[in-house]
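Let's learn to read a sheet together. Look at the structure below, then follow the questions.

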Amino acid sequence: MTVHTVGHLIGSLSKDSINRRLATALIKLAPDNLTFEEVAIKDLPLYNRDLDGDYPPEARALKDHLSRVDAMLFVTPEYNRDIPGGLKNAIDWASRPYGKNSFSRKPSAVIGASIGAIGTAVAQQNLRSVLSFCDSPQMNSPEAYIQFTEGLVDDDGNVTNAETEEFLRGFMANFGEFITRVRAVIPPEE
Ligand code: FNR
């Protein structure tokens with residue numbers, strides 16, 4: 001069994017983030033061929049292309065980390081019908097300098113939770129568009145739009161609704177298979 005390292009990136013900076021809770025639950029439900037490392041974004045300065053020739057340490061650390069992971073899992077809220085600015089900022093740093101896009105050929109999946117009924121659907125579509133431009137092969141199906149109700153994930157990262165738990169386990173199983181398929185036919189860039 002080949003084990004893949006997945007970088008999970010949480011689009012919210014809030015310490016009480018429901019998306020952080022969701023990420024904890026997803027990691028617990030993931031198949032054995034996946035291990036996880038959080039890709040931190042909260043200390044990144046705002047992206048500025050004037051710095052492309054000399055990235056600040058936080059941005060260099062981001063790119064170094066991304067170079068070591070086999071795939072990306074984006075777990076994000078929806079802010080004003082889009083992805084949070086902090087997430088977009090991280091993607092902008094990661095995508096540059098020109099010709100050194102960290103997401104190129106790297107398989108990814110997108111998921112998110114909101115308190116609203118459409119469960120981050122609009123933000124996810126926008127994120128998919130950004131990741132397409134960044135040349136990341138994305139898992140198209142299943143999609144997962146999670147409306148987060150109080151207590152859906154407990155303090156230990158357990159999903160309290162059996163149907164949702166099974167759905168999320170299936171999502172992660174599909175992601176594990178997707179990474180294996182993509183890595184078999186699209187090896188990472190040298
Ligand atoms: C929101 N929220 C929200 N929810 C949604 O379904 N669609 C939206 O467009 C927005 N917009 C939005 C903007 C801003 C600035 C905030 C702070 C919140 C509500 C959102 O779903 C809720 O705050 C979640 O708890 C955010 O996820 P995290 O940060 O807890 O992971």
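Q: In β4, which residue is the bridge partner of Leu-73?
A: Strands of a sheet pair through backbone hydrogen bonds, either parallel or antiparallel. Here Leu-73 has Ala-109 in β4 as its bridge partner. Strands are DSSP runs of E, at least two residues long, and helices are runs of H or I, at least four, numbered from the N terminus. This is a predicted model: local features need pLDDT of at least 70, side-chain atom pairs count only at pLDDT 80 or more, and totals for chains, interfaces and linings use all residues. Residues are numbered from 1 along each chain as its sequence is written, and side-chain values use heavy atoms, with hydrogens and water left out.

Q: Over how many bridges do β3 and β4 pair?
A: Two strands pair if DSSP finds at least two bridges between them. β3 and β4 pair over 4 bridges, in the parallel sense. From β3 the chain crosses through helix α3 (residues 85–95) to β4, and this β-α-β crossover is right-handed. That is, with the strands pointing away from the viewer, the path from the first strand over the helix to the second runs clockwise.

Q: What is the strand order of the open sheet?
A: The order is β2-β1-β3-β4-β5, with parallel pairing. The edge strands, β2 (34–38) and β5 (145–147), each pair on one side only.

Q: Why is β3 largely enclosed by the rest of the structure?
A: Buried means under 20% relative accessible area, exposed over 50%, and partly exposed in between (1.4 Å probe, protein chains only). In β3, 5 of the 5 residues are buried, so this strand is largely enclosed. Ala-71, Leu-73 and Val-75 cover one side, Met-72 and Phe-74 the other.
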